[in-house]
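Hi everyone, thanks for coming.

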Amino acid sequence: MIVRCAKLSHKNKVSEGLERFSNIKIVGYHFGEEKHLEEDYDTFIWTKEILGPSEVKVWEETILKEMERGKNVYNMARLYRVGDNHRLVSTAEEYGVEYFDSSDPQAFQRYIDYAKLGLEGIEGRIITVMGTGRKSGKFTTSLILKRELSRHFKVGCVGTEPHSKLCNMEEMIIPQVIPLCHVASTIFGAIKKVDLEGKDIIIVSSQTGVFSDPLEVGTGRGGGVVSLSILYGSKPDYIILASDTLNVEEIERHIRVLELVSNRKVIGITVNGKRFKNLGESYEEILNKISKRLNIPVVDTVKGIYLEEFIESIRYML
């Protein structure tokens, strides 16, 4: 499905990623203050991944009305798929529109042969971006790394967010919906597929964090189980930690575990600066102190603080 101009359902972290990194013209939102824009669009994008029981009917009815308007649908709901809803499928056929579900429980079947081929070796170097938790900036870190390192290397990405493809990542895997026994090998297969394109560096974007709660029943988040599966499946050469905290002890705790279970070094820390808007001039000093304390380069990827130094340090290690 080609998406050129879209209306989004919600303004959230996914929509922010689309606004910042995609080439899609966004004309407005279905819910919220910006919902009444009149400009035409070819696709309706449902941007909310996790739905509560009361939201499922809203999801179905909203998509139904968009199809009836002749709009294609890109669905990011993690546990609810257009393709599994007979009413929506028949409506899409009736109005001649396309739909795409970012979640695909059978995705592992597309990557089995690539995973087997990967066992013979990966030519590119793999950087896996892990996180201290949700909304720590893993996706942003991955795309900024791709943008900056592409000035010097051929860089590819494997994304685990539902808008990865819309932001020009080469492959997209939503691991939470894949049978657990296939998650690691599917990630590895996607990496090999990108590797066959002759990339020097392959960046893998992770989910949640290794200490995240895996017992959020019914949410489809997966917590630390999914995070570790991505880490093991990506077989990284290097790890970058995206952090939602400035607590150096908490950052150290994540580094110790990541290095222990992967036998690889954490070579950089990125900080989600949107969480620290009120620290003023002391903020840069705090980042510098963390870097010196851990002897690891630290960058705020949102504000670009220490970005040039960070990229040069990563280039040197590669």
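This is a predicted model: local features need pLDDT of at least 70, side-chain atom pairs count only at pLDDT 80 or more; totals for chains, interfaces and linings use all residues.

Okay, helices. In general, two packed helices are described by the angle between their axes and the distance between the axes.

Start with α2, which covers residues 56-68, and α3, which covers residues 86-95. Their axes come within 9 Å and cross at roughly 10°. Angles under 35 degrees count as roughly parallel, so α2 is roughly parallel to α3. Who does the touching? On the α2 side you have Lys57, Trp59, Glu60, Glu61, Ile63, Leu64, Met67 and Glu68, and they meet Arg87, Leu88, Thr91, Ala92 and Tyr95 of α3. Sorted by class, the contact of α2 with α3 has 7 nonpolar residues, 1 polar and 5 charged.

Next pair: α4, residues 107-118, and α6, residues 180-195. How do these two cross? The axes of α4 and α6 come within 7 Å, at an angle of roughly 65°. That makes α4 roughly perpendicular to α6. The crossing of α4 past α6 is left-handed. From α4, the residues making the contact are Ala107, Phe108, Tyr111, Tyr114, Ala115, Leu117 and Gly118. From α6, they are His182, Ser185, Thr186, Phe188, Gly189, Ala190, Lys192 and Lys193. Split by class, the contact of α4 with α6 is 8 nonpolar, 5 polar and 2 charged.

When α6 passes α7, the crossing is right-handed. If you want to find the contact on screen, look for Leu180, Val183, Ala184, Ile187, Phe188 and Ile191 in α6, meeting Val225, Ser229, Ile230, Gly233 and Ser234 in α7. And the classes? For α6 with α7, you get 8 nonpolar, 3 polar and no charged residues. By the way, Phe188 is listed in the contact with α4 and in the one with α7.

Take Ile127, in strand β6, which runs over residues 125-131. Is Ile127 buried or exposed? Its relative accessibility is 0%, so Ile127 counts as buried. Skipping neighbours within four places in sequence, Ile127 is in contact with Leu149, Ile201, Ile202, Ile203, Val204, Tyr238, Ile240 and Leu318.

Thr43 sits in strand β3, residues 43-46. Thr43 has a relative accessible area of 0%, so this one is buried too. If you leave out residues up to four places away in sequence, Thr43 touches Met1, Ile2, Val3, Cys5, Ala6, Lys7, Asn72, Val73 and Tyr74.

Notice Asn72 in that list. Asn72 belongs to strand β4, residues 72-75, and with a relative accessible area of 15% it is buried. Apart from neighbours within four places, Asn72 is in contact with Met1, Asp42, Thr43, Phe44, Val97 and Glu98. Here's another pair to look at: Asn72 and Phe100 are 28 residues apart along the chain, and their C-alpha atoms are separated by 8.4 Å.

Now two residues with a positive phi. Asn168 has a phi near 70°, and it isn't a glycine. Asn168 is in the loop between β7 and β8, and it is partly exposed, with a relative accessible area of 42%. Then there's Lys235, also not a glycine, with a positive phi of about 45°. You'll find Lys235 in the loop between α7 and β10. At 54% relative accessibility, Lys235 counts as exposed.

Last stop, the cysteines. How many disulfides does the structure hold? The count is 0. Take Cys5: the nearest cysteine sulfur belongs to Cys167 and is 16 Å away. Cys5 counts as buried, with 12% relative accessibility. Cys181, on the other hand, counts as exposed at 66%.

Terms used. Residues are numbered from 1 along each chain as its sequence is written. Side-chain values use heavy atoms; hydrogens and water are left out. Axes are lines fitted to C-alpha atoms, for helices over the stretch in contact, and angles run from 0 to 180 degrees between N-to-C directions. Helices (H or I, at least four residues) and strands (E, at least two) are DSSP runs, numbered from the N terminus. Angles under 35 degrees count as roughly parallel, over 145 as roughly antiparallel, 65 to 115 as roughly perpendicular and the rest as oblique. A crossing is left-handed if the near helix is turned anticlockwise from the far one by less than a right angle, and right-handed if clockwise. Contact means heavy atoms within 4.5 Å. Ala, Val, Leu, Ile, Met, Phe, Trp, Tyr, Cys and Pro count as nonpolar, Asp, Glu, Lys and Arg as charged, and the others, Gly among them, as polar. A disulfide is a pair of cysteine sulfur atoms within 2.5 Å. Buried means under 20% relative accessible area, exposed over 50%, partly exposed in between (1.4 Å probe, protein chains only).
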